[in-house]
Amino acid sequence: MWEYSDKVKEHFTNPKNVGSIENADAVGQAGALSCGDKLKLYLKIDGNKITDAKFQTFGCGSAVAASSVLTEMLIGKTLDEARKITNKQIADELDGLPPEKMHCSVMGREALEDALKNYYQEDWEDLEDDVEEGSMIICHCFGVSEKQIIDAILNNGAKTFDDISKITSAGLACGRCRENIKAIISRYVKNDEKKTLTPVQKIIKINNVIETVISPELQKDFGDIELVNVDNNNVYVKLKGHCSQCANAKLTLKNFVETKLKELVDDDIVVFEEK
Ligand code: FES
């Protein structure tokens, strides 16, 4: 049985700001009923400030508590302050969540991001581009950034997923970040046994890896990929299906496609997306 803090119990038994907002300025959703948790978040925005926040949640007690505390955190914040709220801060505000329940705080963060994306619309990409390099959060449950993982590899000698988990705690809860962490490891931990390929062999191998390794993985999420061109170590690809519209397309390209090609073909490969 999991141990819950008093704050989690309080927000679960007496949730704040439950319901919807008529004429909300921003609405965001996360989770899916088929997965057991779903959250809809409503925001009222005046100028640059969030003046009201309400939620409707279907899910466990932690999901209700995380949603409830998130609305309290949001009311009175500026949009810029709200954009920087991490799921770890949501969990901290509840005096912590059991590792198995950290995904409830991730759902809160995702619903907030969805609401802000809907509010900002086309300006959202520009705001995201302002994010400092390496500060992208890889493990949302523990708020571990790409930079922290790279530091663990370069400065603390981490070589495996378990090493990274021991140093940063990343990956110890829902495990959704596992593949991205492994991808970063293969980018930074050198594989000396890789053979030198001729240019033609390299193109054949790239094509083969895309068709037999990368494409089947993306198809599981209703996406796909097509090889467009290879110019030395520059590989040009087109994302298709869900991948082409996915908000995480850049992450998929860097942390999955490029990493797999580095791992299986050549460490110097760089992947570019063709629109
Ligand atoms: S995102 Fe859940 S453990 Fe990393």
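Let's start with an open sheet of three strands, where the order is E6-E7-E8 and the pairing is mixed. Strand E6 (223-231) and strand E8 (270-273) stand at its edges with a single partner strand each, so one side of each has no neighbour in the sheet. From one strand to the next, the twist averages 35°. Strands here are DSSP runs of E with at least two residues, helices are runs of H or I with at least four, and both are numbered from the N terminus. Two strands pair if DSSP finds at least two bridges between them.

This is a predicted model, in which local features need pLDDT of at least 70 and side-chain atom pairs count only at pLDDT 80 or more, while totals for chains, interfaces and linings use all residues. Residues are numbered from 1 along each chain as its sequence is written.

Strand E7 (residues 234-241) pairs with E8 in the parallel sense, over four bridges. Tyr-236 has Phe-272 in E8 as its bridge partner.

The table gives their angles, taken from 0 to 180 degrees between N-to-C directions, with axes fitted to C-alpha atoms (for helices, over the stretch in contact). Residues are in contact if their C-beta atoms, placed from the backbone, lie within 7 Å.

| Helix | Strands | Angle |
|---|---|---|
| H10 (residues 199-220) | touches E6 and E7 | about 165° with E6 |
| H12 (residues 249-264) | lies across E6, E7 and E8 | about 145° to E8 |

Another pair of helices is worth a look. Helix H7 (residues 146-156) packs against helix H8 (residues 161-168) at about 105°, and their axes are 10 Å apart. That angle makes H7 roughly perpendicular to H8, a label for angles of 65 to 115 degrees. On the H7 side, the contact is made by Gln-148, Ile-149, Ala-152 and Asn-156, and on the H8 side by Ile-164, Ile-167 and Thr-168.

The largest nonpolar core has 64 residues, and Leu-41, Leu-43, Ala-66 and Ala-170 touch the most other members. Such a core is a set of buried Ala, Val, Leu, Ile, Met, Phe, Trp, Tyr and Cys residues joined through C-beta atoms within 7 Å. Helix H5 (residues 102-120) gives this core its largest share, eight residues. Leaving out residues up to four places away in sequence, Ala-66 touches Ile-90, Leu-94, Cys-104, Ser-105, Met-107 and Gly-108.

Overall, the protein has 12 helices and eight strands. Of its 275 residues, 35% are buried, meaning that 20 or more other C-beta atoms lie within 10 Å of the residue's own.

Note on methods:
Two residues are in contact if their C-beta atoms, placed from the backbone, lie within 7 Å. Angles under 35 degrees count as roughly parallel, over 145 as roughly antiparallel, 65 to 115 as roughly perpendicular and the rest as oblique. A residue is buried if 20 or more other C-beta atoms lie within 10 Å of its own, exposed if 12 or fewer, and partly exposed in between; C-beta atoms are placed from the backbone.
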